[in-house]
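Visitor: I would like to learn how to read a structure like this one. Please take me through it feature by feature.

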Amino acid sequence: MKINSIKITSVGVPLHSIGTQSRFRANKRILVSVIVEVYTDEGITGIGEAPPVMGADLTENILNTVEESLIGKNPLHVNRVMKELYASYNLAHVHLHAANWALNGIEMALWDIIGKAAELPLYEVWGGPFRLEIPYYGHVERQEPEAMSKEALYLSRAGFKTLYTKVGLDPEEDLTAVEAMRKGADSSGIKNIKIRVDANQSWSPGEAVRMINAMAKYDLEFVDQPILMYNIDALKRIGDRVSVPISAHESCWTFYEVLNVIKNQAADVIHLDPRFDAGLYGARRSAGIAEAAGIPAVVHSCGELGVAFTANMHLAAATPNCTLANQEDGYRYLKDDIITGGLLKFKKGKVRIPDGPGLGVTLDKEKLACYAEYYQKEIHEKGFDRKLRTELYGAMHLRPYLRDWKK
């Protein structure tokens with residue numbers, strides 16, 4: 001089997017309103033992504049999805065330079081193909097993150113081809129599932145406290161056993177937000193609703209200790225990436241000084257970094273994200289390193305449509321230590337999807353993984369064309385490629401400085 005062409009399509013799909021204004025999302029409520037199709041000489045087509053990390057236009061431009069390198073390659077040799085791509089883009093010398101978030105859309109499509117060629121779901125190709133219904137947390141957007149409390153109540157009653165929100169904006173407001181979530185969750189009458197918070201690197205080590213200890217009374221499941229991703233020593237010191245478990249996310253972008261975090265005993269939970277690691281290959285190795293240390297893993301999201309959302313489900317299904325609720329950032333709010341049959345359904349906080357060959361989903365070509373046109377008119381032509389979120393969302397460790405700049 002040989003690759004004979006690829007096709008790259010940027011799309012934008014509208015999201016439902018959350019009712020009140022989120023502190024982290026601005027402008028149009030649209031989820032933008034880049035869809036990859038890899039065609040072979042045997043008629044099998046693999047599909048993948050790449051995130052618009054620096055805008056869909058830039059993701060698309062990177063992927064459009066790949067075709068010449070792929071033509072004639074055997075898509076079943078996915079590991080070798082991707083190593084050669086990384087070498088071609090000099091990612092061993094600079095850093096995987098220079099382009100892996102775009103190139104890994106190719107890897108996803110190649111794994112889809114492998115599953116289709118074997119006539120097996122991807123989780124079966126990887127040795128079989130540990131779970132077929134994948135649990136997710138309910139994302140409570142940062143809003144006014146009363147709205148957050150109502151959303152926590154709604155999500156708890158809808159069957160989500162874990163709730164999540166962003167912190168790292170203002171200490172007093174952060175505490176009020178978590179208190180509101182706990183109040184809403186407890187008022188549901190459902191026991192053992194977990195709450196986790198994500199500081200996205202925005203605290204200093206000292207502030208992290210103070211804030212985590214202050215939040216501990218709200219029975220947190222864990223705190224995600226409280227400090228700068230590079231300061232592994234301080235991450236360990238924080239864990240030693242608080243009673244709440246610590247999760248490493250940005251500190252664990254790749255399996256190389258997961259090794260360092262675990263060697264330094266700096267986290268109680270790690271995050272997996274194949275689009276920022278060395279693809280599904282790297283994320284599975286990250287999970288294996290964590291499993292060897294007895295540490296659970298959570299599959300991370302940066303906003304996906306059905307193609308990447310399903311790929312992440314296969315990862316969670318085939319990974320033994322994915323025992324906690326996983327992340328979905330926006331899928332539940334989508335008005336539509338570009339996969340045949342439309343949106344995958346949540347039931348009591350879980351989604352059942354499709355059991356078709358490969359990823360188990362196919363593209364609805366009419367919807368793909370419709371949302372490609374929508375992206376062009378509503379995002380690209382209006383200059384929104386890098387303006388769909390507020391500075392607070394992407395700035396992470398710069399949030400304290402942004403607070404001062406806004407004054």
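Guide: What follows covers the sheet, a helix pair, salt bridges and backbone angles.

Guide: This is a predicted model, in which local features need pLDDT of at least 70 and side-chain atom pairs count only at pLDDT 80 or more, while totals for chains, interfaces and linings use all residues. Residues are numbered from 1 along each chain as its sequence is written, and side-chain values use heavy atoms, with hydrogens and water left out.

Visitor: What is the strand order of the open sheet?

Guide: Helices (H or I, at least four residues) and strands (E, at least two) are DSSP runs, numbered from the N terminus. Two strands pair if DSSP finds at least two bridges between them. Here an open sheet of 7 strands runs in the order E5-E6-E7-E8-E9-E10-E11, and the pairing is parallel. Strand E5 (138–139) and strand E11 (297–299) are the edges; each has a single partner strand, so one side of each is left without a neighbour in the sheet.

Visitor: How many bridges join E10 to E11?

Guide: Strand E10 (residues 269–272) is joined to E11 by 3 bridges, the two strands running parallel. Leu272 has Val299 in E11 as its bridge partner. Towards E9 (residues 246–248), E10 is joined by 2 bridges, again parallel. There, Ser247 stands opposite Val269 in E10.

Visitor: Are the residues on the two faces of E10 buried or exposed?

Guide: Buried means under 20% relative accessible area, exposed over 50%, and partly exposed in between (1.4 Å probe, protein chains only). In E10, Val269 and His271 on one side and Ile270 and Leu272 on the other are all buried, so both faces are covered.

Visitor: Which strands does helix H7 lie across?

Guide: Contact means heavy atoms within 4.5 Å. Axes are lines fitted to C-alpha atoms, for helices over the stretch in contact, and angles run from 0 to 180 degrees between N-to-C directions. Helix H7 (residues 171–187) lies across strand E6 (162–166), strand E7 (194–198) and strand E8 (220–224), at about 160 degrees to E7.

Visitor: At what angle do H10 and H11 pack?

Guide: Two packed helices are described by the angle between their axes and the distance between those axes. Helix H10 (residues 255–263) packs against helix H11 (residues 279–292) at about 15 degrees, with the axes 8 Å apart. That makes H10 roughly parallel to H11; angles under 35 degrees count as roughly parallel, over 145 as roughly antiparallel, 65 to 115 as roughly perpendicular and the rest as oblique. Their crossing is right-handed, a term used if the near helix is turned clockwise from the far one by less than a right angle, anticlockwise being left-handed. From H10, Phe255, Val258, Leu259 and Ile262 meet Tyr281, Gly282, Arg285, Ser286, Ile289 and Ala290 in H11.

Visitor: How many salt bridges does the structure hold?

Guide: Side chains of opposite charge can pair when their charged atoms come close. A salt bridge is a side-chain nitrogen of Lys or Arg within 4 Å of a carboxyl oxygen of Asp or Glu. The structure holds 18 of them. One of these pairs Lys365 with Glu37 (3.3 Å, N to O). Lys365 lies in helix H13 (residues 365–380) and Glu37 in strand E2 (residues 30–40), so the pair ties together parts 328 residues apart in sequence. Lys365 is partly exposed at 48% relative accessible area, whereas Glu37 is buried at 2%.

Visitor: What separates Arg80 and Glu84 in helix H3?

Guide: Arg80 and Glu84 are 4 residues apart in helix H3 (residues 78–88), about one helical turn. Their side chains form a salt bridge (3.1 Å, N to O). Arg80 is exposed at 59% relative accessibility, and Glu84 is partly exposed at 29%. Lys73, Arg80 and Glu84 are linked in a network of salt bridges.

Visitor: Which loop holds Asn192, and which holds Gln225?

Guide: Most residues other than glycine have a negative phi. Asn192, in the loop between H7 and E7, has a positive phi near 65 degrees and is exposed at 69% relative accessibility. Gln225, in the loop between E8 and H9, has a positive phi of about 40 degrees and is buried, with a relative accessible area of 0%.
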